[in-house]
Amino acid sequence: MFERRIDNNWNFKTANTKEFTHCYHTYPAMMIPQVARTLIEQFAPQGRFELLFDPYMGSGTSLVEASLKGVNSIGTDINPLARLISKAKVSHFNIDQIEKYLSEIQLLSFTYQPEKVINSDFSRVSNYSFWYSKEVLLKLSFLSQMIASFDIESQLFFKIALSEVVREVSFTRNSEFKRFKMSESQLEKFNPDVFGLFEGKAMRNLQGLKQYNAIKNGVSSQIFDFNTVNSIPIEILPPESVDMIVTSPPYGDSHTTVAYGQFSRWANEWFGLCDAKNLDNLLMGGKRQLVANFETKSIKNELQQIEIADTKRYAEVISFLNDYHNSIKNISPIIRKGGRICFVVGNRTVKGVQIPLDYFTAEMFEKYGFRHDITIVREIPNKRMPSKNSPSNISGQKAATMSNEYIVVMNKK
Ligand SMILES: C[S@@+](CC[C@H](N)C(=O)[O-])C[C@H]1O[C@@H](n2cnc3c(N)ncnc32)[C@H](O)[C@@H]1O
């Protein structure tokens, strides 16, 4: 089959995963920077290496690492928050300007009075009085108001800090990606320091920016919103234009695996970004499909077992795999001959049956002109991402089968 190699060098147990702009914003199922970095170092294709692509970019880990290595990159994600975070993380903001604005914020927050808030219309935030106190909403609005007075480029830096705060000061249980309201007893004790949190994040991010700006390679990092399940715009990525892919795709639909849409809805609604409510249905596997659009040997038995056990769960799995297959089919022609793809995948368990998505990934790429090189099995020591592994999306609950990540490395023939 497709050879797997367990390699403890890929654990990165003691690595600092928050270096550079990687500290900016949490995101579900983030790839750790050291994985992207080591893949670029060890598996860079021979010959031309000018463009790295990430088709499910998330918070842009691969793009930042490409930029640090002096490689141009293109990323796409249909989640607007993912694009906002990625854009900020690859930007070389002007540090003097950011520091000046930060002092302004500190001064103005100190003299804050609710009467100074210009916009107190929160209707864009669904059910806002259920999720926030009035006092918190006004303070968030005041921060937005200040940010809007900054120059356009610097606004993004502060928006990203605000984006994390918008979720953290809501009544949602922050340990979960899904939207669950806190218990009555938690609510009684909950009195978030909106300005303090915001300043803390902006200052932390400023340190990351300083590190990042110290390594300017003059490369371009472009961010898009196309959906590779449907097609890839030829004017952006013509055939054979990509030298390397470093990515971590979803491993199932967002309803039953990682709740990207629910996690992102706070910021997507606050900033009035599109598709906020509907996002989980638009992501891979979000539309129900009943019949497989692929033939597979590698996971045939698993799919049969799931179908026998539960036809509804089977349909969920197929809906995702169909989209994933279409995406691989569309991606394959844009990789140049001799180019490399590195897909970091998780093998979820449905109805007690583990689906080896690494085999499926390798099988589908093989069908579209790739040769399997190696699949590196990486142990996940990191408690930071339990929800990737937990079907319930509850922090701390970890399904045993998800304690490994599989890095599928293949070459275009
Ligand atoms: C595992 S996350 C990527 C995490 C990323 N590597 C990081 O470090 O933050 C998978 C991403 O795929 C995105 N996604 C899901 N369906 C997609 C699609 N059809 N096209 C593009 N992105 C999609 C989700 O929004 C999510 O951001």
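This is a predicted model: local features need pLDDT of at least 70, side-chain atom pairs count only at pLDDT 80 or more; totals for chains, interfaces and linings use all residues.

Student: Why is E19 called buried?

Tutor: Buried means under 20% relative accessible area, exposed means over 50%, and partly exposed lies in between (1.4 Å probe, protein chains only). E19 has a relative accessibility of 19%, so E19 counts as buried. Its place is in the loop between β1 (4–6) and α1. Helices (H or I, at least four residues) and strands (E, at least two) are DSSP runs, numbered from the N terminus.

Student: Which residues is E19 in contact with, apart from its neighbours within four places in sequence?

Tutor: Contact means heavy atoms within 4.5 Å. With those neighbours left aside, E19 is in contact with Q34, R37 and Q211. E19 and Y212 are 193 residues apart in sequence, and their C-alpha atoms are 8.5 Å apart in space.

Student: How do you know that helix α1 is mostly covered?

Tutor: Helix α1 (residues 33–43) has 11 residues, and nine of them are buried. Among these are Q34 and R37, both of which are in contact with E19. The buried residues of α1 pack against β2 (51–54), α2 (61–68), β5, β6, β9 (370–379) and β10.

Student: Why is strand β6 described as largely enclosed by the rest of the structure?

Tutor: Nine of the 11 residues of β6 (residues 335–345) are buried, so β6 is largely enclosed by the rest of the structure. For β9 the count is seven of 10, so this strand too is largely enclosed.

Student: How do you know that β6 pairs with β5 and with β10?

Tutor: Two strands pair if DSSP finds at least two bridges between them. Five bridges join β5 (residues 242–247) to β6, and these two run parallel. T247 stands opposite F343 in β6. Six bridges join β6 to β10 (residues 404–412), and that pair runs antiparallel. Here V345 stands opposite Y406 in β10. Both counts reach the limit, and therefore both are pairs.

Student: What makes β9 a partner of both β1 and β10?

Tutor: β1 and β9 run parallel and are joined by three bridges, with R4 opposite T375 in β9. β9 and β10 pair in the antiparallel sense over nine bridges, and R371 stands opposite N411 in β10. Strands of a sheet pair through backbone hydrogen bonds, either parallel or antiparallel.

Student: What makes β1 and β4 edge strands of the open sheet?

Tutor: The sheet has eight strands in the order β1-β9-β10-β6-β5-β2-β3-β4, with mixed pairing. β1 and β4 (221–224) each have a single partner strand, so one side of each is left without a neighbour in the sheet. From one strand to the next, the twist averages 20 degrees.

Student: Why is helix α7 called oblique to helix α9?

Tutor: The axes of α7 (residues 152–168) and α9 (residues 194–213) come within 9 Å and cross at roughly 135 degrees. Axes are lines fitted to C-alpha atoms, for helices over the stretch in contact, and angles run from 0 to 180 degrees between N-to-C directions. Angles under 35 degrees count as roughly parallel, over 145 as roughly antiparallel, 65 to 115 as roughly perpendicular and the rest as oblique. The angle of roughly 135 degrees falls in the rest, so α7 is oblique to α9.

Student: How are the residues of the contact of α7 with α9 divided by class?

Tutor: Ala, Val, Leu, Ile, Met, Phe, Trp, Tyr, Cys and Pro count as nonpolar, Asp, Glu, Lys and Arg as charged, and the others, Gly among them, as polar. The contact has 12 nonpolar, one polar and four charged residues.

Note on methods. Residues are numbered from 1 along each chain as its sequence is written. Side-chain values use heavy atoms; hydrogens and water are left out.
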